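Please read the following report alongside the sequence and the coordinates. It takes up a few residues and elements in turn.

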Amino acid sequence: MGDLYERLKAYEGRPAAVSARGKDPVNAAMIRHWCEAVGDTHPAYAGEDAVAPPAMLQAWTLAGLGGGQAVRSAALGELFDLLDAAGFTAVVATDCEQEYFRPLRPGDVVTYDSVIESVSPCKATKLGAGHFVTTRTEVRTAGVSALAATHRFRILRYAPAARAAGKRPKPVVGRDNAGFWAGVARRELLVQRCDDCRELRFPWLPGCGGCGSPRWTEVRVSGAGTVYSYVVVHHPPAPGFEPPYAVALVELAEGVRMLGNVTGVEPGGVRIGMRVRVEFQRPDGEQELPFFRPVDPAGPAGPADDGRVRA
């Protein structure tokens, strides 16, 4: 392993991408999609003098699903080949650091250069043993030499650990969410409603995020909704879970969103917009837990069922 690390470390300082260009100029459509997806309504990102949200910097440099190899340098490809050959075949992004110097505007053509900044010694993690690889990217716009931003991106290339054994972890029940889990034990799905502004909220909180009121009432909801987003988990292994399994963010008919496992359909069959309804199960034979089951797995996606709470 010592010899391997020396070979990996030799790639530090070598280019990861050279004189690369973003596939599309900065544009209003992508800015709008980003803002809608993350719920950002800042006025600086709309109108004639709009700028791009700084946090979407990486959107302008991604090669896309069909062009992942187009901007990768030979050195970065060789580094990954070495890691693959040594058994570090899995990958997970761990963190990024960005620094912004000037805003990007619609029409700007993004150019960038990347360097392999560092490769760590082999580290033991819960995912498995592996090496952290960090690249640093300098982002400019065509015809302008001054930096627009820098982007440091770190991944872990690792050998997957053996599957974890044991029971499914139990939910953490505290003062703020005890009412929710008491409802689940009765096979009821409960959210909070602010007594002052009448907004429904989930997860449970000690005060209203809208008006700040500490007064609230628990409200039983229908459990009907649609899949707003989802992920199919293959790795890392977790006690009590049989991969692959689907975890969905469900938008309930009442307007709040809730995370939960999807049951009654193959993970690959879950779709955004799929109609679902809550179903209570005891996967370990001990505690009731809320799951979501498709109303019609084979049918088209549509609006959520009835059951809206009227304030």
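## Basis of the description

This is a predicted model, in which local features need pLDDT of at least 70 and side-chain atom pairs count only at pLDDT 80 or more, whereas totals for chains, interfaces and linings use all residues. Residues are numbered from 1 along each chain as its sequence is written, and side-chain values use heavy atoms, with hydrogens and water left out.

His131 belongs to strand β4, which spans residues 130-141; helices (H or I, at least four residues) and strands (E, at least two) are DSSP runs, numbered from the N terminus. With a relative accessibility of 1%, His131 counts as buried, a class defined as under 20% relative accessible area, against over 50% for exposed and the range in between for partly exposed (1.4 Å probe, protein chains only). The side chain of His131 comes to 2.7 Å from the backbone oxygen of Ser120. Apart from neighbours within four places in sequence, the contacts of His131 (heavy atoms within 4.5 Å) include Leu4, Tyr5, Leu8, Leu83 and Phe88, as well as Val119, Ser120, Pro121 and Cys122, and also Ile155, Leu156 and Arg157.

Thr135 also lies in strand β4, and with a relative accessible area of 15% this residue is buried. When residues up to four places away in sequence are not counted, Thr135 touches Ala16, the residues Val115, Ile116 and Glu117, and the residues His151, Arg152 and Phe153. Between Thr135 and Ser118 the C-alpha to C-alpha distance is 7.1 Å, although 17 residues separate them in sequence.

## Salt bridges

The structure holds 19 salt bridges, each being a side-chain nitrogen of Lys or Arg within 4 Å of a carboxyl oxygen of Asp or Glu. One of them pairs Arg154 with Glu97, whose closest N and O atoms are 4.0 Å apart. Because Arg154 lies in strand β5 (residues 144-158) and Glu97 in strand β2 (residues 90-100), this pair ties together parts that are 57 residues apart in sequence. Glu97 is partly exposed, at a relative accessible area of 38%.

Glu286 takes part in a salt bridge with Lys167, in which the closest N and O atoms are 2.7 Å apart. This pair links distant parts of the chain, 119 residues apart, since Glu286 sits in the loop between β12 (275-281) and β13 (289-294) and Lys167 in the loop between β5 and α4 (178-185). Glu286 counts as partly exposed at 40% relative accessibility, whereas Lys167 counts as exposed at 58%. The side chain of Glu286 also meets that of Lys170 in a salt bridge (2.7 Å, N to O), and here the partners are 116 residues apart, with Lys170 in the loop between β5 and α4. Lys170 counts as partly exposed, at 47% relative accessibility.

## Helix α4

Which residues of α4 are buried? They are Phe180, Trp181, Gly183 and Val184. These residues are on the same side of α4 because they cover an arc of only 155 degrees around the axis, the arc being that of the directions from the helix axis to the C-beta atoms. The elements covering the buried residues of α4 include β6 (190-194), β11 (257-261), β12 and β13. After α4 comes Arg187, which has a positive phi, near 65 degrees.

Technical notes:
A polar contact is a pair of N or O atoms within 3.5 Å; within protein, one must be able to donate a hydrogen and the other to accept it, and residues adjacent in sequence count only if both atoms are side-chain atoms.
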